[in-house]
Amino acid sequence: MQQKKTPMRKCTGCNEMKPKKELVRIVKSPEGDISVDLTGKKSGRGAYICRNAECLMKAKKGNRLEKAFDCSVPTEVYDRLCGEIADE
């Protein structure tokens, strides 16, 4: 029996490929709203980030989420991500 492949995604902070379950998904909905998607099921364009503050800072400093979504990301999204990472 063939084993199921683990879906891999690239962290926008460190640019490393990691299993999808280890990352936090940020999603831009078709309406243009940007939010943190903890379920990984929301529809829209997704970007992934490691659950560590260093990667979040790299992504914020390099405007990597802005580049991934092609628009500006509100500060509240970064604040929420900070909160999610701190809870770990």
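Trainee: Which residues does R25 touch, not counting residues up to four places away in sequence?

Mentor: Contact means heavy atoms within 4.5 Å. With that sequence limit, R25 touches S35, V36, D37, G40, K41, K42, G44, R45, G46, A47 and Y48. The model is predicted: local features need pLDDT of at least 70 and side-chain atom pairs 80 or more, while totals for chains, interfaces and linings use all residues. Residues are numbered from 1 along each chain as its sequence is written, and side-chain values use heavy atoms, leaving out hydrogens and water.

Trainee: Is R25 buried or exposed?

Mentor: R25 counts as buried because its relative accessible area is 9% (buried is under 20%, exposed over 50%, partly exposed in between, with a 1.4 Å probe and protein chains only).

Trainee: In which strand does R25 lie?

Mentor: R25 lies in β3, where a strand is a DSSP run of E, at least two residues, numbered from the N terminus. Strand β3 covers residues 23-28 and is joined to β5 by six bridges, the two running antiparallel. Strands pair if DSSP finds at least two bridges between them. The partner of R25 in β5 is Y48. The open sheet has three strands in the order β4-β3-β5, with antiparallel pairing. Its edge strands are β4 (34-37) and β5 (45-50), each pairing on one side only.

Trainee: How many disulfides does the structure hold?

Mentor: A disulfide needs two cysteine sulfur atoms within 2.5 Å. The structure holds zero. C14 is in none, as the nearest cysteine sulfur, in C55, is 3.7 Å away. For C71 the closest cysteine sulfur is in C11, 19 Å away, so it is too far for a bond.

Note on methods. Helices (H or I, at least four residues) and strands (E, at least two) are DSSP runs, numbered from the N terminus.
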